[in-house]
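Keep the viewer open as you read.

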Amino acid sequence: METFIFAAEIIGTIAFAVSGALTAMRKNMDVFGVIILAMTTAVGGGILRDLILGIQPPGTFGHPVYGIVATATAVILFFPAVRRLLGRNITVYHRIMLFMDSVGLGIFTVVGIQTAFEHGNRNIFLLVFVGVLTGVGGGVIRDVLAGDTPYIFVKHIYACASIAGAVLCAALWPINRLAAFAGGAALILLIRFLAASFRWSLPRAAIFQEDVL
Amino acid sequence: METFIFAAEIIGTIAFAVSGALTAMRKNMDVFGVIILAMTTAVGGGILRDLILGIQPPGTFGHPVYGIVATATAVILFFPAVRRLLGRNITVYHRIMLFMDSVGLGIFTVVGIQTAFEHGNRNIFLLVFVGVLTGVGGGVIRDVLAGDTPYIFVKHIYACASIAGAVLCAALWPINRLAAFAGGAALILLIRFLAASFRWSLPRAAIFQEDVL
Amino acid sequence: METFIFAAEIIGTIAFAVSGALTAMRKNMDVFGVIILAMTTAVGGGILRDLILGIQPPGTFGHPVYGIVATATAVILFFPAVRRLLGRNITVYHRIMLFMDSVGLGIFTVVGIQTAFEHGNRNIFLLVFVGVLTGVGGGVIRDVLAGDTPYIFVKHIYACASIAGAVLCAALWPINRLAAFAGGAALILLIRFLAASFRWSLPRAAIFQEDVL
């Protein structure tokens with residue numbers, strides 16, 4: 001079980017680092033910016049969670065493997081040959097990235113809730129909040145630093161998947177930890193795949209010409 | 001007194017949530033983004049304050065009523081009919097919003113100082129800072145997430161009202177808590193209304209063609 | 001030694017405040033925004049560091065001299081006559097600013113590491129992180145609030161100088177504190193001057209037309 005969670009975390013770390021590194025390259029940042037944005041996307045959510053929970057210094061510094069994996073990912077992606085190789089079959093690339101990114105969103109959300117439980121928190125609002133924060137927080141920092149509107153606000157049901165999984169996980173936790181962990185992560189993956197397959201999206205406000213507010 | 005403060009907090013929460021929800025709709029965010037931005041604007045300042053003071057997890061999670069009110073406000077505003085109704089008499093709408101937003105700025109500022117005092121802080125710089133942070137912090141997060149220049153930096157004397165009220169409140173606190181609370185909040189309301197009536201604004205730097213810095 | 005460090009901190013505070021104030025004026029902020037952005041740039045890095053280390057409330061509130069110096073700097077710069085005077089010999093101005101800003105980057109980085117050590121942290125990743133955060137964090141907040149892409153991501157090797165100095169400082173600390181402090185700060189100054197003299201910059205990803213990621 002431990003090994004399985006660790007593998008999922010590494011998959012998620014790589015996916016998040018790829019998204020951060022590509023964002024930085026699109027914004028014409030130098031190699032330093034590429035590495036920092038990759039690391040921020042990968043470990044930023046966990047750092048925000050630890051600040052909210054009062055875990056200081058944040059746990060990520062005691063487990064440098066995630067930051068090192070993110071840095072390595074950014075450095076490898078920096079080579080044009082690697083990007084050309086990945087871009088050769090763009091459909092396959094997008095499918096793999098969707099899978100890895102969903103695994104990351106799922107595992108980080110439930111790991112966030114687990115961390116909160118282990119530090120004695122039982123408040124359902126807090127549990128769901130830190131779960132979602134761990135899952136989507138890194139991406140929000142990435143977008144703010146890159147000057148983009150945070151992805152979670154404008155596209156698909158990314159954060160909703162995280163919220164649904166977080167609620168399920170937090171509700172099941174007192175009953176059975178394994179079911180909570182696996183169920184929460186699986187629900188997030190399921191919603192993400194269904195949303196991608198059927199192109200689900202959330203309603204927007206219909207703004208009319210006569211809207212004056 | 002407790003009831004009065006609570007009523008003022010709810011008025012402020014609704015006003016802040018309205019500003020967050022409308023910002024999100026203008027940016028074409030989906031319903032999730034609208035709710036999150038409404039909640040962030042309403043409770044974000046208090047969360048930042050609690051991080052500065054070391055109150056972890058932040059108190060807002062133990063008092064979910066504010067987040068729930070903000071969510072309900074966002075959902076109601078999502079209906080075009082509601083926005084059309086509010087927009088029918090735009091002058092009245094703006095006056096009501098100015099009143100509610102000013103009540104929110106006033107009450108959140110003094111509640112921020114009260115929280116700092118209750119946790120044993122006596123440093124005047126810290127007291128004023130967390131008061132102002134509680135009052136304007138949510139709006140700053142809103143603007144950063146929405147990609148706007150923070151409102152408090154470019155318009156009117158919004159934050160100055162909060163600072164003046166915070167200084168008065170912190171100075172009066174050791175003498176009389178009720179006077180500090182009421183006086184600070186009242187001064188903020190007064191400055192906001194005077195600024196709106198007489199269209200006060202703060203000086204800007206006169207940038208000349210020959211300015212090369 | 002104490003006096004020397006304090007003098008270096010004041011030089012850095014003024015340099016950081018100038019950069020924040022000029023950014024705010026370029027963005028047409030009012031006098032309040034100019035002061036806040038000057039203060040944020042000067043003390044923001046230290047506040048972020050203290051949140052990461054769990055020093056709450058942050059130490060800056062107990063040492064208001066830095067905030068006061070930043071405020072005074074902003075107010076003085078607000079006068080057009082001062083900016084015209086500084087702009088009269090723009091080459092000299094840029095050299096002085098490069099020197100002051102480099103002193104600030106150097107001293108804040110090593111002071112950040114010192115603060116972490118004094119609070120019992122020995123983790124090398126954490127030490128380097130908080131050193132760099134103290135050095136560059138204020139500038140990142142400045143750029144995010146002003147709506148710019150953070151300077152450290154797009155230009156020169158600003159943050160790399162801070163990282164190199166932080167690694168040296170953290171490595172030398174257990175051997176000799178004075179050597180760690182002076183060596184780290186000196187290395188940062190050296191790299192900054194060399195980078196400015198020889199127009200060093202870091203490689204960017206070569207984005208090709210055929211890049212599809």
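Predicted model: local features only at pLDDT ≥ 70, side-chain atom pairs only at ≥ 80, totals over all residues.

What follows goes from helices to interfaces, and then to a few individual residues.

Start with helix H3 of chain C, residues 65-77. The buried ones in H3(C) are C:Tyr66, C:Gly67, C:Val69, C:Ala70, C:Thr73, C:Ala74 and C:Leu77. Viewed down the axis of H3(C), these buried residues fall within an arc of 160°, so they line one face of the helix.

H5(C) has 29 residues and runs 41 Å from its first C-alpha to its last, close to the 42 Å expected at 1.5 Å a residue. Just after H5(C) comes C:Gly120, which takes a positive phi of about 85°.

The side chains of C:Arg192 and C:Asp101 meet at 2.8 Å, N to O. This pair ties together distant parts of the chain, with C:Arg192 in helix H9 (residues 177-198) and C:Asp101 in helix H5 of chain C, 91 residues apart. Are these two partners buried or exposed? Both C:Arg192 and C:Asp101 are buried.

Another salt bridge in chain C joins C:Asp143 and C:Arg142, with the closest N and O atoms 2.9 Å apart. C:Asp143 and C:Arg142 are both buried. Chain B has a salt bridge between B:Asp143 and B:Arg142, where the closest N and O atoms are 2.9 Å apart. B:Asp143 is buried at a relative accessible area of 5%, and B:Arg142 is buried at 10%. Over all chains, the structure holds twelve salt bridges.

Next, the interfaces, beginning with chain C against chain B. Interface size is often given as the accessible area lost when the parts come together. Chain C and chain B bury about 2,700 Å² between them, with 70% of it on carbon and sulfur atoms. In chain C, the residues that lose the most area to chain B are C:Asp30, C:Phe32 and C:Phe61, together 25% of what that side buries. The contact draws 32 residues from chain C and 33 residues from chain B. How many salt bridges cross the interface of chain C and chain B? The rule finds zero, although it does find five residue pairs in polar contact there. On the side of chain C that touches chain B, H1, H2, H3, H4, helix H5 (90-118) and helix H6 (124-146) of chain C each supply at least two residues. The largest share of that side, seven residues, comes from H2(C).

Turn to where chain C meets chain A. Chain C and chain A bury about 2,700 Å² between them, 70% of it on carbon and sulfur atoms. This contact takes 33 residues from chain C and 31 residues from chain A. Between chain C and chain A there are zero salt bridges and five residue pairs in polar contact. Two or more residues on the side of chain C that touches chain A come from each of H2, H6, helix H7 (151-154) and helix H8 (158-172) of chain C. H6(C) gives the most to that side, with five residues.

Finish with two residues of chain B. B:Thr40 is found in helix H2 (residues 31-53) of chain B and is buried, with a relative accessible area of 16%. A polar atom of the B:Thr40 side chain lies 2.6 Å from the backbone oxygen of B:Ile36. Leaving aside neighbours within four places in sequence, B:Thr40 is in contact with B:Gly45, B:Gly138, B:Ile141 and B:Leu145.

B:Met97 lies in helix H5 (residues 90-118) of chain B and is buried, with a relative accessible area of 14%. Not counting residues up to four places away in sequence, B:Met97 touches B:Ala15 and B:Val18. B:Met97 and B:Ala15 are 82 residues apart in sequence, but 6.5 Å apart in space, C-alpha to C-alpha.

Note on methods. Residues numbered from 1 in each chain as written. Chains lettered and ligands numbered in written order. Heavy atoms only, no water. Helix = DSSP H or I, 4+ residues; strand = E, 2+ residues; numbered from the N terminus. Expected span 1.5 Å × (residues − 1). Buried < 20%, exposed > 50% of the residue type's maximum accessible area, 1.4 Å probe, protein only. Arc of directions from axis to C-beta. Contact = heavy atoms within 4.5 Å. Buried area = accessible area lost by both parts, 1.4 Å probe. Salt bridge = Lys/Arg side-chain N within 4 Å of Asp/Glu carboxyl O. Polar contact = N/O pair within 3.5 Å; in protein donor to acceptor, adjacent residues only side chain to side chain.
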